[in-house]
Amino acid sequence: MRAKEFTKLSSKTMYSEPESYAHKLDDLVDLPTINESIKLTDDERKEHIKKFIKWTIKLLNIEKPYPRMIFSNDTEKAQKGHHTGVHTSEDDTIWIYIGNRNLVDILRTLMHELTHEKQMQLNMVKPGDSYPGSPIEMLADMVAGKYIKVWGKKHPEIFE
Ligand SMILES: [Zn+2]
C-alpha cells in the first residue's frame, strides 16, 4: 500500500469511529497527575545538558565552529512556530524550547537539531529539504531516537 492510500484509509477509519469510543477510552487509559517532585533542579539540568552536548558533538563528529545553542522558555515562539526546536543555517543557531518539558524530551530535540548541524556540515541539506517527514527529518528523528535510548540507559535521571 502506498503512503497516500494509507493516509486516506487511516483518516477514513478515524472519522468513522463511533462516538462511544471516547467513553471506552476512559476505561483504557490510566492518566495520573504529573509528579513534579521527581524533577531535577535547574543546576542539575544545566550541567546535564552541557554534558550531553559534549557527548553528542563527539558521537556525531560535529566539527568546529559549533552552532550557537539557545535554550528558551518562549512559549509563544514554540506555539507560533509549532515546534520545540529549530536549526537555522544562515546564522548557525539552534533554538530549543525548554518550557515545562521533561529532560529526556529536551535532549531528544537537542540531538535532532545537532544532527541537522552534522547534515549541514556534510552538505546533505538543500533549500526546501526540511519539510515534515522528509528524509532529512526522518534521519534526524532516527539518530535522536536511537541515541537518547543509549544515553538514558546510562542516565536514568533524565526520565523525570
Ligand atoms: Zn528537524
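At what angle do the axes of helix H5 and helix H6 cross, and within what distance do they come?

## Crossing of H5 and H6

In this predicted model, the axes of helix H5, which spans residues 103-121, and helix H6, which spans residues 135-154, come within 8 Å and cross at roughly 130°. That angle makes H5 oblique to H6, since angles over 145 degrees would be needed for the pair to count as roughly antiparallel. The crossing of the two helices is right-handed.

## Residues at the helix contact

On the H5 side, the contact is formed by Val-104, Leu-107, Arg-108, Met-111, His-112, Thr-115, His-116 and Gln-119. By residue class, the contact of H5 with H6 divides into 11 nonpolar, 5 polar and 2 charged residues.

## Strand E3 and its partners

Strand E3, made up of residues 93-97, is mostly covered, with 4 of its 5 residues buried. Strand E3 pairs with strand E1 (residues 68-72) in the parallel sense over 5 bridges, and within this pairing Phe-71 has Ile-96 of E3 as its bridge partner.

Strand E3 also pairs with strand E2 (residues 85-88), in this case running antiparallel and joined by 4 bridges, with Val-86 standing opposite Trp-95 of E3. The hairpin of E2 and E3 has 4 residues between the strands, and in this hairpin Asp-92 takes a positive phi near 50°.

Definitions and conventions: Residues numbered from 1 in each chain as written. Predicted model: local features only at pLDDT ≥ 70, side-chain atom pairs only at ≥ 80, totals over all residues. Axes fitted to C-alpha atoms, helices over the stretch in contact; angles between N-to-C directions. Parallel < 35°, antiparallel > 145°, perpendicular 65-115°, else oblique. Left-handed = near helix turned anticlockwise from the far one by under 90°. Contact = placed C-beta atoms within 7 Å. Nonpolar A, V, L, I, M, F, W, Y, C, P; charged D, E, K, R; others polar. Buried ≥ 20, exposed ≤ 12 C-beta atoms within 10 Å, placed from the backbone. Pairing = 2+ DSSP bridges.
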